[in-house]
Amino acid sequence: MKSIIKNSLAVLFALFSLIQASASSHREAPLIADDPLADNVDVYAFRSPDRPNTITLIATYVPLQLPQGGPNYYSFGENIRYEIHVDNDPSRPGDEIIYRVEFKMINEDPSTFFNIRLGKRNQKLVYNLYRSYNGGASFGLILANAPVAPTNIGKRSIESPIGLNKPYDQVSNQTISNSSTGERVFCGPVDDPFFVDLGGAFDLGDLPRQNGQAKDGLACKNTSAIVLQIPINYLRKRPFSTYRGILDPNYVIGVWASASRKKVRTLGTGTETHSGDWVQVSRLGMPLTNEVVIPVGFKDYWNSITPYQELADQTLDGFFYNPELALYMDDALFGAAVPGFSKLRIQRNSLGAFDFGNGKNGLFALKGTAAVAGTALDDAIFGTLLLPGPGKPRSVDLWPIFHTGVPNFPPYQLATGKNGNPLAPGKPFINNFLPNGGDMLRLNMAVPATPRNSPDFSPLGIINAAVRGLTQAPYNTNTNIQFIPNMDGFPNGRRLEDDVTRIELQAVAGVTLAAIGLWYDDFNGSTPLTQDLLDVLTYTTGVESNDKPFRSTFPYVALPHAGDGDCGGPVAAANRAEEYGTSLIGVSSNVVANTNAPNVVADNYPNPFSSNTTIRYKVEKTTDVNISVFDRAGKLLNTLVNETQDSGTYDLRFEGQGLPAGLYFARITTDGGKSVQVLKLSKQ
Amino acid sequence: MNFKTFSFKLLMPILFAAMALGARASSHREAPLIANDPLADNTDVYAFRSPDNPNTVTLIACYIPTELPFGGPNFNTFGENIRYEVHVDNNAALAGDEIIYRFTFSRTNQDPTTFFSIRLGQINAKTTYKCERTVNGGASWQTIIENGVVPPPNIGTRSIESGVGLGTTYNALMMSAITTSITGEKVFCGPVDDPFFVDLGGVFDLGNLPRQGGAQPRDGIGMFNCHAIAIQVPISTLLKTGAPSAPTSILDGDYVIGVWASASRRTTRTLQNGVYNETGNWVQVSRLGMPLTNEVVIPIGYKDYWNAITPYQELADQLLDGFFYNPELALYMDDAIFGGAVPAFGPLRIQRNSLGAFDFGYEKNGLYSLKGTAAVAGTALDDAIFGTLLLPGPGKARSVDLWPIFHTGVPNFPPYQLATGKNGNPLAVGKPFINNFLPNGGDMLRLNMATPITPRNDPAFSSEGIIAAAVAGLTQAPYNTSTALEFIPNMDGFPNGRRLEDDVTRIELQAVAGVALAAIGLWYDDFNGTNPVSQDLIDVLTYNTGVDKNDKVFQASFPYMAAPWSGTESN
């Protein structure tokens, strides 16, 4: 078995070298921060828990949408190509599969400044979904003019009859579409599924906050999601090969998303025209890459290239070999300057031999030695990618996690069964190896899904699986391949629940190295579960889960926060004392309180109606009653009653024959004031 | 009356000049295109006499809506390749602006090796600016500030105060960024707490303002920042050429300025591997004068177009006028139309039968039946004096109040005087309360710089602005005992300029509900011939949106706005 793996890897890597190759992100790079519509926010890829023969891919765009952000609410943009890319075969250049979404916007009622009014929507979006199976050489239209749910503005705009007259979940779920080729598709506004203490993190790494409470900066914010549910067989590498178990290397896909604009934008008088070739302006694969790994001077460039172009770029690699974050997890460097990270300390002297501090050599001393022969660190097998030179300590963990995925091959197996030698075969825990050299979210689709309601489910993903494989029976009693809960978690794909900020910070602190037996400095030869390891494992950012529960079925993400709800801004301080109270009363001797309490309560049924509806109303005490029906333009159609009536319940029939479908208003005037009942006439 | 003749003579040449030229906000994410270009998005304009420096006027233009204080790692700042401009018109007889302040910004990364915005005393996206000024309508420009400093974002105490950050206080950063130009203006450009306040979530949910059913009002802009350009200018600099160096009265017509702000980008943007090249002529992509115009008056189909033209181009556009003659909001303040569908506006009801004669309902005639009659002879509604702008035709109900408030300002001339002393005839001479008349036909914030300042700590200070002054002039002694021109507190408030405190959302909704008509004697329908303070008027005056002040306290001195929310303190 070992030799099979070895051979297949060798072949992959040989091809890989021939080709000559080498995030969650909200406002992550300077240019794209100013172009929110084309700004990738996050990418997720996981086996659908309720439909395990499918994979769900999610790409979110347009960061930090305020639920109350009217009058022109946020949405996908026109003249932008939103794409989700899949690589399933590194021996072939570029993507294999591309899904492309293009949106069109229409105003159903340009005469209002409201976004939704009387059943009409402005800035209403529809989209076309295209698919390429040949790396972009040709695209087929697989879903045309599909609907996008409106912004969840508030109850009046959504639920009431003067709005859309439907609850938001129904409005949103009705936009789930099926493509002609069998994908399930949702494009629309959702609660941003990401969670992180933005304010703390970017205040020089105050994560968790040392003074003050942690706060989810993305709580109460929405985003725009493209969600695709795709049969695994559509995504598998071709030609199909025999299934080889839960870490089958032929089931690995690499996923990334992008947004492109046309090269030239020309402004006119209140217009924009777009021309020229398409240019990529944003991309995202692994969470947080361009947010906290790539420094500001390279972020815009990073956004503009493809993952495949990264392989030729040596500069970017340097940010993974010696990441900036590692400076703050090392007492010899800036560790003391970032107390939030004090539990995160990198191995500076692992096993008394290996220094993974920035600028140090990591495992480079082993290069070419007998110790690494037959492992992934053997140049004869994997080439020089993993030990490219001295002074690149994290070339063996962070670089491959972001650029190739991790093979099920020594040393990338858990320390379980290694008998103290990290380079020996151990317990398999991951294989998302797809060595194309670029930043992607890599998922092994053969790994079973951990049920979301299982007590074993953990947002720590692979780190949780590793801990179980090292410490928990039956997993730590043998080196067999077996399913360990959360082997389907980040960085093996990414589930909505995965706490990627914490996992990545732990990875920068060397937790992966520890998992494969490169223990922390305080390892005394007996138990590897040392204080340093416990510190890293128990580190938390203070924000560990999303502010809204996810849904158990497609599209899984939560419905967007409503503009009229608790997320629409802080509660206003009490109003000022009424300015006019005294002056007005001083002049006016006959100011009479007008209670405006309705004397009549009315309803009508059915509503909507197709031919006629009955208005039932109750008169509390004798009053003049006038009930008149108007159309939307305010034209009086009929006065149904105009007389003095005693208390009691009355029924009035309103005939809709001869009237166009639409909304009508019954205005009820009594001694106590006026009220309006909306009658909705729908024609078959 | 001497006074009348004087005004008449004064107005005539101005109006003829305006006609000879062929004529005729607060906005956050207000139009489709600009909502997607936040850096170039005007959010608000303010103009007021500086309370602590009354020989100056403070002009403020805010940009970049709803900035999240914790919106890292690339926090908002002014954009490069954008011209931010504050325009001033002080003479309607001369075409276009007289004075323009232009700001252009540059960003540099002091430490491109980090993803943090501030580290070890270094600032990324550090922003500086150049301020240029023209006082001849753009014929020539002078650079009055080089390398002005924009304070960094208020990221948090570690980034600002600690030794691994900048080792200072945010207040010190803000104060040290105030610069005096070579021509004497005090200037501040930088992030501030957004001084505007409104229940965004309520208002755009089909006008649920104040929220009904016991729901608590929320300040949709609470705890957000914006980027402000604040300029404190000597009144003498802004004054029309030839105007007396001291005002002849507190409503001196020569002391009126119109202020608007804009952002322009170059025609062509070309993308290339992580670089944007911007070339070609400058094109205006956003503008703002009066608050909320493009947010709630102009409907969606025209918002982008509105942003692209200048106020001076509006006069030739008849279509936009229609949205003021018959505003959409009025549909929701009228029981005969959609009033019942917007219960929150229940207290706001327009005059449909004022004085038993005048209907200001949607597409009704308003005062049009008076056109050409003896009743309007000698008033502002007399075609011989003001031309046909105020009574342009039938079916244009609000041509006499909303249209001029947004397009010309309001003259101190009948019928635009308070009902006090009119003895029941709205067209008669009454109590003066405003003169911000600058008839260039376009959307601007018009301020009479001669009007004295109401101290912010005066018990009479009111965020209701001119409405508070009008109520006092109608109901309060000594103001309501004579028609003499005198200072009434809050005559210096919106729409006579705009102070930071002014509750413009409430004032504008009250104006749509006809409160300006009532102030001049066109009472509400329930006026019984004796007491004009009828229930309908009380309903309008006591209407409140639920959010009537800012979430932070303003500062007593320049730049007056509050320091920006910090990324670690805000919600």
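A:Leu118 counts as buried, because 21 C-beta neighbours sit inside 10 Å (buried means 20 or more other C-beta atoms within 10 Å of a residue's own, exposed means 12 or fewer, and partly exposed is in between, with C-beta atoms placed from the backbone). You'll find A:Leu118 in the loop between β5 (116-117) and β6 (120-121) of chain A (helices, H or I of at least four residues, and strands, E of at least two, are DSSP runs numbered from the N terminus). Its phi is near 50 degrees, a positive value in a residue other than glycine.

Keep in mind that this is a predicted model, where local features need pLDDT of at least 70, side-chain atom pairs count only at pLDDT 80 or more, and totals for chains, interfaces and linings use all residues. Residues are numbered from 1 along each chain as its sequence is written, while chains are lettered from A and ligands numbered from 1 in the order in which they are written.

- Most residues other than glycine have a negative phi, and most peptide bonds are trans.
- A:Tyr556 also has a positive phi, near 70 degrees, and belongs to the loop between α17 (531-538) and α18 (581-587) of chain A.
- With 25 C-beta neighbours inside 10 Å, A:Tyr556 counts as buried.
- A:Leu207 and A:Pro208 are joined by a cis peptide bond with omega about -5 degrees, and A:Pro208 is in the loop between α5 (198-201) and β11 of chain A.
- Chain B has a cis bond from B:Phe494 to B:Pro495, with omega near 5 degrees; B:Pro495 lies in the loop between α14 (466-475) and α15 (504-512).

**A sheet in chain A**

- Five strands make an open sheet in the order β1-β2-β11-β10-β9, with antiparallel pairing (strands pair if DSSP finds at least two bridges between them).
- At the edges stand β1 (40-47) and β9 (177-178), each with a single partner strand, so one side of each has no neighbour in the sheet.
- Inside this sheet, β2 (54-65) and β11 (222-231) run antiparallel and are joined by nine bridges; A:Ala59, for one, has A:Ile226 as its bridge partner in β11.

**Where the chains meet**

- Chain A puts 95 residues into the contact and chain B puts in 98 (two residues are in contact if their C-beta atoms, placed from the backbone, lie within 7 Å).
- The chain A side has 39 nonpolar, 36 polar and 20 charged residues (Ala, Val, Leu, Ile, Met, Phe, Trp, Tyr, Cys and Pro count as nonpolar, Asp, Glu, Lys and Arg as charged, and the others, Gly among them, as polar).
- Three bridges link β12 (252-267) of chain A to β12 (256-272) of chain B, and the two run antiparallel; A:Thr266 stands opposite B:Thr268.

**Chain B overall**

- Chain B has 17 helices and 14 strands.
- Of its 571 residues, 64% count as buried.
- Its C-alpha atoms fill a box of roughly 75 × 55 × 45 Å along the principal axes.
- Mean pLDDT is 92, with 94% of residues at 70 or more (pLDDT is the predictor's confidence in each residue, from 0 to 100).
- Residues 1-25 of chain B stay under 50 in pLDDT.
- The model as such scores ipTM 0.91 and pTM 0.88.

- B:Arg352 is in the loop between α11 (328-331) and α12 (383-386) of chain B, and counts as partly exposed because it has 18 C-beta neighbours inside 10 Å.
- Leaving out residues up to four places away in sequence, B:Arg352 touches B:Asp359, B:Phe360, B:Gly361 and B:Asp525.
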